[in-house]
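Me: I am new to this structure and would like to go through it slowly, asking at each step what lies behind the words used for it. Please set each value against its definition before you conclude.

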Amino acid sequence: MSIAKTYLPKEAEEKWYSYWLDNNFFRSVPDEREPYTIVIPPPNVTGVLHMGHMLNNTIQDVLIRRARMKGKNACWVPGTDHASIATEAKVVAMLKERGISKKDLTRPEFLAYAWEWKEKYGGIILEQLKKLGASCDWERTRFTMDEELSEAVIDTFIHLYKKGWIYRGIRMVNWDPQGKTAVSDEEVIRKEVNQKLYYIKYAVSPKSEVLSQESTQDSGLKTQDYLTVATTRPETIMADAAICINPNDERYTHLHGKKAFIPLINREIPVILDEYVTMDFGTGCLKVTPAHDLNDYELGQKHNLPVIDILNDDGTLNEKAQILVGEDRFAARKKIVALLEEAGALDKVEEYKSQVGFSERTNAVIEPKLSMQWFCKMEEMAKPALDYVLNGDIKLIPEKFGNTYRHWMENVRDWNISRQLWWGQQIPAWYLPNGEYIIAKTREEAFEEAKSLQPQISNLKSEDLVQDEDVLDTWFSSWLWPISVFDGFKDPDNADINYYYPTNDLVTAPEILFFWVARMIMAGHEFRGEIPFKNVYLTGIVRDKLGRKMSKSLGNSPDPLDLIEKYGADGVRVGMLLSSPAGNDLMFDESYCEQGRNFYNKLWNAFRLVKGWEVDEKLPNPNQIAIDWFDSRFNEALIEIEDNFAQYRLSEALMVTYKLVWDDFCAWYLEMIKPVYLQPIDKQTYNRTITFFENILKILHPFMPFITEELWHDELFGKRTTMDCCIVAQLPTNGEINSQLLGNVEIVKQIITHIRNIRNSKQISPKEALTLSVKANSGIDYSSYKTIIARLANLSELNLINDKISGASSFLISTDEFYVPLNENIDPLAEAERLQKEKEYLNGFLRSVNAKLSNERFMSNAKPGIIEVELKKKADAEAKLKILEESLSALAS
RNA sequence: GGGAGUUUAGCUCAGCUGGUUCAGAGCAUCUGCCUUACAAGCAGAGGGUCACUGGUUCGAACCCAGUAACUCCCA
């Protein structure tokens, strides 16, 4: 035999992937078949494949391949996301390496570099997906900044603006001083950080105006009167607008109505009262810094405090700080602490743990900052989007995410859609010299509109209009993805969108349930009056063995391509799926891939076995029972697999398939029919076995596309035409199941296991043939299973008897007795002990059954079926006990 | 601080409407095997106080309450 002992994936993977491409098996165009559609969650255009992608895309590919093999018109649309912040950050870094600063470039110049970068690195991740076997319709590849998609984004913006859902406003935003942009709440990662809590003394003004009698009485305290505040951000004291205390705080009644001086700069600020202040945190005196803290901002609004912003966009201090101007906020913090200490204004410093926000993209500490931003109102769009999920039009899998979804949708906040970046769709707002703005698709349209709206500005020229510098949040383009990939905005009634939309399944991570999934549902409703997809399969997060999220910075993530190199794409796919029930995080370990590799190798070797057989046409078929059994077993498994897929339990579906192939097919069926070495096999068994094998290749294909395609084309299965491929083979449909046969073979397997066990414990070589005598008290006809038992347990004979045999090793299956006479007689004492133990167990069992049956309340409350079962248990146990008794007395005699 | 979730074998997880001899699977472990498809394998075995405490029920891994630990979301 010249076939390699192990399957070598690499060559087959390259061969079959290009074969599928060359013959357009991934291509989908609308036709009369039922569509099955998935749009890929577009990965970042400059990203590289990580384990999360592997999981996500393996699942999508399994679903799409299965749909294709069920005769549906399967369409998987790939593409990438322009990922404004991440990509711009990468381009800026690349330019910096070349000695170019973004500041020195014009917008068009910068964008030219960015496009150049995108063209160079943009395709990488999609190329990597091909290695995994992803069967996307690559001709449909889209990019969120493709012309049509960008146009859709702008049109959408205008549409929503006209509806009054987009507005401009000053808001406290999460400012990323490194990316120099606002980021959404969802893009801020909060981490607990060890910080210091600084206690700073503010001098209380000696000449505070006397507002109440109370305070005059306290004036025994002289000029050197201080109040102390605790803060983690001493560098912001120059932006303080007030000191706030709780009016109920008895320690500070003497401060009511007074003023205090900010140390170092000696600016006077009022002491205000508000119950917002927690009395037992810090000193109970809170410095109020409206420009640099969200809560302080709200407090400031309430008390009409001035907003003093002392930070530049890059996180350095500006001239309003008066001191340390130009210093970075963290450097300033250190310096100011020293200055305070020098001035005697630092009381003490404590260690303190608190939550600090970091930018997801740049990892910079987020700075709360007031700025003019564009917002999109969410409330009205959230309502229908919530209903679709609540009423089941859209199913979240697993269902538990429904709660989280509802909670978010009911408490939705307006969406900050502007980003202070260049890479992305520039906001179509055009400012007039007087500061007013016009929303229009182009400069020309804006100019026309300006002229008609404001005829008084007679000398207005088109060049006078200034477009808003900001771009839109990336999610503002990706929320349109399921519609825009089919050109549903440009051409809302085209054949593709009518055929493919709504799509079927969306496979994505729960982390983006809100800012992507929920918004796609809103967009689907708003722009097509329809849901964008029917099911949302939420994958878990890929974690390492220790439960840590896999990430580049931790260095705990294997390179997916290395894994494919090592275990083959099929092995990695199986490995990903083995460990990933829907919605649960996945504790990934390479050993799962190893298990996957071992599995396809098992299949490979089963193939080698069958491939090596010679057929003798004249031989009769001795294996009809084995064939009928496996046929039934296969059909039974098909139902289980279908059922698991219907519930999106992909791991379970794979496990059923795995056990069907490894245990039922290889370990049992092939061993049952395997001819003695170098002996030929009969034609009928051979043909049936090949059919079984082909069906196994089909059900395995979605999980392991490459090896199944490779084997599919072997001449063992006959001549194939060009288009006769496993990838488009029709999945086998359910056939008949002979449950009685399945039950009997289970007993036969037990018999074989018992005999093998006797061999093991008595150290009898498998080569030494034994005899088996059966006293069948049940109605099972063991003679028909003679061949199978004899072969798998190596028996020289199998007798049906009517009387017990003494001195033989024995076992009991249900009420049937089995005897294996051995050369040396078994120890009657040990045998008696074994029987006695079994008897005790049965007696105990019987007692509990009887207790139930004699319990009046059980008999009156339990459903009739349950009582029947208990009665059957009782009868079985009693019958078994009787046999045990007999065996025991036979031993004694 | 508010909300959600999780806890079953060494590991990763099933266990559906409370009821079958219900305590399961895969991996790992242990024992014995190079038995001509496969040592990436074969045969067999061991392993759990279903987190803890109480309650409801004829009957609880499952329902209820409390406790503990962990995770996530929001503030």
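Me: How do you know that strand E18 and E19 pair, and in which direction do they run?
Reply: In this predicted model, 3 bridges join strand E18 (residues 429-431) to E19; because two strands pair if DSSP finds at least two bridges between them, E18 and E19 count as paired, and they run antiparallel. Ala429, for instance, stands opposite Ile439 in E19. Strands here are DSSP runs (E, at least two residues), as helices are DSSP runs (H or I, at least four residues), both numbered from the N terminus.

Me: What makes strand E19 and strand E20 edge strands?
Reply: The open sheet has 3 strands in the order E19-E18-E20, with antiparallel pairing. Strand E19 (437-439) and strand E20 (466-467) each have a single partner strand, so one side of each is left without a neighbour in the sheet. Helix H12 (residues 443-453) packs on this sheet and touches E18 and E19, where contact means heavy atoms within 4.5 Å. The direction of H12 makes about 125° with that of E19, the axes being lines fitted to C-alpha atoms, for helices over the stretch in contact, and the angles running from 0 to 180 degrees between N-to-C directions.

Me: Why is the pairing of E22 with strand E23 called parallel?
Reply: 5 bridges join E22 to strand E23 (residues 533-538), and the two run parallel; Thr503 stands opposite Phe533 in E23. They belong to an open sheet of 3 strands in the order E15-E23-E22, whose edge strands, strand E15 (395-397) and strand E22 (503-508), each pair on one side only. The twist in this sheet averages 20° from one strand to the next. Helix H2 (residues 51-69) lies across E22 and E23, running at about 155° to E22.

Me: How do you know which residues surround RNA strand B, and how many are there?
Reply: A residue is near a molecule or strand if one of its heavy atoms lies within 4 Å of it, and 44 residues surround RNA strand B, the closest being Arg413, Gln595, Arg608, Tyr841 and Lys873. They divide into 18 nonpolar, 12 polar and 14 charged residues, where Ala, Val, Leu, Ile, Met, Phe, Trp, Tyr, Cys and Pro count as nonpolar, Asp, Glu, Lys and Arg as charged, and the others, Gly among them, as polar. The largest share, 10 residues, comes from H18.

Me: What makes Lys659 a polar contact of RNA strand B?
Reply: A polar contact is a pair of N or O atoms within 3.5 Å; within protein, one must be able to donate a hydrogen and the other to accept it, and residues adjacent in sequence count only if both atoms are side-chain atoms. A polar side-chain atom of Lys659 lies 3.1 Å from a sugar or linking oxygen of RNA strand B, and for Glu652 the value is 3.3 Å.

Me: How do you know how far to trust the model, and where is pLDDT under 50?
Reply: Chain A averages a pLDDT of 88, and 95% of the residues score at least 70, pLDDT being the predictor's confidence in each residue, from 0 to 100. Over residues 208-223 pLDDT stays under 50. The model scores ipTM 0.95 and pTM 0.88.

Me: What conventions lie behind these values?
Reply: Residues are numbered from 1 along each chain as its sequence is written, while chains are lettered from A and ligands numbered from 1 in the order in which they are written. In this predicted model local features need pLDDT of at least 70, side-chain atom pairs count only at pLDDT 80 or more, and totals for chains, interfaces and linings use all residues, while side-chain values use heavy atoms, with hydrogens and water left out.
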